[in-house]
Amino acid sequence: MAPPPIRSRLRALYEGPDPASDRFRYALLAFDLLTVGWLVASSFLPRGPHHTTIDLAIGLVFLADLLARLWIARRPARELSSFWFIADVLVILSLLLPIW
């Protein structure tokens, strides 16, 4: 039996009821919490080149997550105009733009 297509697997990870999906979503939540912790803590530290590197890495992970969610969306056009999509884009831009 062939493995499910990647789109179906991603949709199952983001929306499925199985334990693997739960672990995936908990990992995303943990990453989000660590990111918030980093952003708060780094605002009190002197800015250095490692800040840009960490911000870039976080921004790229967020971008990959956003693109994956858009790809598996049943109605992608609706997602593009949602408040959360716009908020995600603004966060990603704020993390990626400082490199330029």
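Biologist: Two residues are in contact here if they have heavy atoms within 4.5 Å. Which residues of α3 meet α1?

Modeller: The model is predicted: local features need pLDDT of at least 70, side-chain atom pairs count only at pLDDT 80 or more, and totals for chains, interfaces and linings use all residues. Residues are numbered from 1 along each chain as its sequence is written, and side-chain values use heavy atoms, with hydrogens and water left out. Helices are DSSP runs (H or I, at least four residues; strands are E, at least two), numbered from the N terminus. From α1, Ile6, Arg7, Leu10, Arg11, Tyr14 and Glu15 meet, in α3, Asp65, Ala68, Arg69, Trp71 and Ile72.

Biologist: How many charged residues does the contact of α1 with α3 have?

Modeller: Ala, Val, Leu, Ile, Met, Phe, Trp, Tyr, Cys and Pro count as nonpolar, Asp, Glu, Lys and Arg as charged, and the others, Gly among them, as polar. In the contact of α1 with α3, six residues are nonpolar, none is polar, and the number of charged residues is five.

Biologist: How are α1 and α3 oriented relative to each other?

Modeller: Axes are lines fitted to C-alpha atoms, for helices over the stretch in contact, with angles from 0 to 180 degrees between N-to-C directions. Under 35 degrees counts as roughly parallel, over 145 as roughly antiparallel, 65 to 115 as roughly perpendicular and the rest as oblique. The axes of α1 and α3 come within 9 Å and cross at roughly 105 degrees. The two helices, α1 and α3, are therefore roughly perpendicular.

Biologist: Is α3 roughly parallel or antiparallel to α5?

Modeller: Helix α3 covers residues 49–72 and helix α5 residues 83–96; their axes come within 8 Å and cross at roughly 155 degrees. That angle makes α3, relative to α5, roughly antiparallel.

Biologist: How many residues in the contact of α3 with α5 are nonpolar?

Modeller: On the α3 side the contact includes Leu56, Ile58, Phe62 and Leu66, and on the α5 side Phe85, Val89, Ile92 and Leu95. One residue of the contact is polar and three are charged, while the nonpolar ones number 13.

Biologist: Is Ile58 buried or exposed?

Modeller: Ile58 sits in helix α3. Not counting residues up to four places away in sequence, Ile58 touches Phe31, Thr35, Trp38 and Leu95. Buried means under 20% relative accessible area, exposed over 50%, and partly exposed in between (1.4 Å probe, protein chains only). With a relative accessible area of 7%, Ile58 is buried.

Biologist: What separates the C-alpha atoms of His51 and Trp38?

Modeller: His51, also in helix α3, is buried, with a relative accessible area of 0%. Beyond four places in sequence, His51 touches Trp38, Ser42, Leu45 and Pro46. His51 and Trp38 are 13 residues apart along the chain, and the separation of their C-alpha atoms is 9.7 Å.

Biologist: The structure holds three aromatic pairs. What kind of pair do Tyr14 and Phe24 form?

Modeller: Rings of Phe, Tyr and Trp (its six-membered ring) pair if their centres lie within 6.5 Å; planes under 30 degrees apart count as stacked, over 60 as edge-to-face and the rest as tilted. The ring centres of Tyr14 and Phe24 are 5.0 Å apart and the planes are at 75 degrees, so the pair is edge-to-face.

Biologist: Which helices hold Tyr14 and Phe24?

Modeller: Tyr14 is buried at 15% relative accessibility, whereas Phe24 is partly exposed at 23%. The pair links distant parts of the chain, with the two residues ten residues apart. Tyr14 lies in helix α1 (residues 6–15), and Phe24, within residues 19–42, in helix α2.
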